[in-house]
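Please take a look at the protein shown here.

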Amino acid sequence: RIWTGVSSGEIEQMRSHIQRLQRMLRDTEMHERKLKDREKGLSEKVDALERSLARAESGQIEYQKNVFVKYMENVTEQDSLLPVVATVLKLSDQEVERIKKKRADGSSIFSLNFL
């Protein structure tokens, strides 16, 4: 044996220490696997949320475009569509009032009938 001069008690302590270190290593590796699994799951959720957000934004843009086109096409309905356009475009009260004033004055492109 190479362990000359080492007592059996010291050898037992070393073995016990090695076993503790091996358990710690296994626990750490298991914890790492769990964290990697969790990271993968969270990454998949983030990807799904990003795709969902992109679809929602795409749909919102399409809705905004349709409202605007309808607003521009239907001069007679512009008064009733103005609140919808204001909501969709998040216009301030001052902006809505400015549009109403220009329409009442007849000096706005919105008050012209292109058809």
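The points below go from the overall layout to the helix contacts and then to one residue.

This is a predicted model. The protein has three helices and zero strands. Along the sequence, the pattern reads α-α-α.

**Overall picture**
- The protein has 115 residues, and 11% of them count as buried.
- Its accessible surface comes to about 9,900 Å². Carbon and sulfur atoms account for 56% of that surface.
- Take the contacts between residues at least 6 apart in sequence: 38% of these join residues at least 24 apart.

**Helix 1 with helix 2**
- Helix 1 covers residues 8-73. It packs against helix 2 at an angle of about 155 degrees, and the two axes are 10 Å apart.
- Angles over 145 degrees count as roughly antiparallel, so helix 1 is roughly antiparallel to helix 2.
- The crossing of helix 1 and helix 2 is left-handed.
- Helix 1 brings Tyr-63, Gln-64, Val-67, Lys-70, Tyr-71 and Met-72 to the contact. Helix 2 brings Gln-78, Leu-81, Leu-82, Val-84, Val-85 and Val-88.
- By type, the residues of this contact are nine nonpolar, two polar and one charged.

**Helix 2 with helix 3**
- Helix 2 spans residues 78-88, and helix 3 spans residues 93-105. They pack at an angle of about 160 degrees, with axes 11 Å apart.
- That angle makes helix 2 roughly antiparallel to helix 3.
- Helix 2 and helix 3 cross in a right-handed way.
- On the helix 2 side, the contact residues are Gln-78, Asp-79, Leu-82 and Ala-86. On the helix 3 side, they are Val-96, Ile-99, Lys-100 and Arg-103.
- The residues of this contact divide into four nonpolar, one polar and three charged.

**Helix 2 in both contacts**
- Gln-78 and Leu-82 of helix 2 take part in the contact with helix 1. Gln-78 and Leu-82 also meet helix 3.

**A closer look at Thr-87**
- Thr-87 lies in helix 2.
- Is Thr-87 buried or exposed? Its relative accessibility is 60%, so Thr-87 counts as exposed. The cut-off for exposed is over 50%.
- How far apart are Thr-87 and Gln-64 in sequence and in space? They are 23 residues apart in sequence, and their C-alpha atoms are 9.9 Å apart.
- Gln-64 belongs to helix 1, where it is one of the residues in the contact with helix 2.

Terms used: Residues are numbered from 1 along each chain as its sequence is written. This is a predicted model: local features need pLDDT of at least 70, side-chain atom pairs count only at pLDDT 80 or more; totals for chains, interfaces and linings use all residues. Side-chain values use heavy atoms; hydrogens and water are left out. Helices (H or I, at least four residues) and strands (E, at least two) are DSSP runs, numbered from the N terminus. Buried means under 20% relative accessible area, exposed over 50%, partly exposed in between (1.4 Å probe, protein chains only). Contact means heavy atoms within 4.5 Å. Accessible areas come from the Shrake-Rupley method with a 1.4 Å probe; for residues, only the protein chains shown count as cover. Axes are lines fitted to C-alpha atoms, for helices over the stretch in contact, and angles run from 0 to 180 degrees between N-to-C directions. Angles under 35 degrees count as roughly parallel, over 145 as roughly antiparallel, 65 to 115 as roughly perpendicular and the rest as oblique. A crossing is left-handed if the near helix is turned anticlockwise from the far one by less than a right angle, and right-handed if clockwise. Ala, Val, Leu, Ile, Met, Phe, Trp, Tyr, Cys and Pro count as nonpolar, Asp, Glu, Lys and Arg as charged, and the others, Gly among them, as polar.
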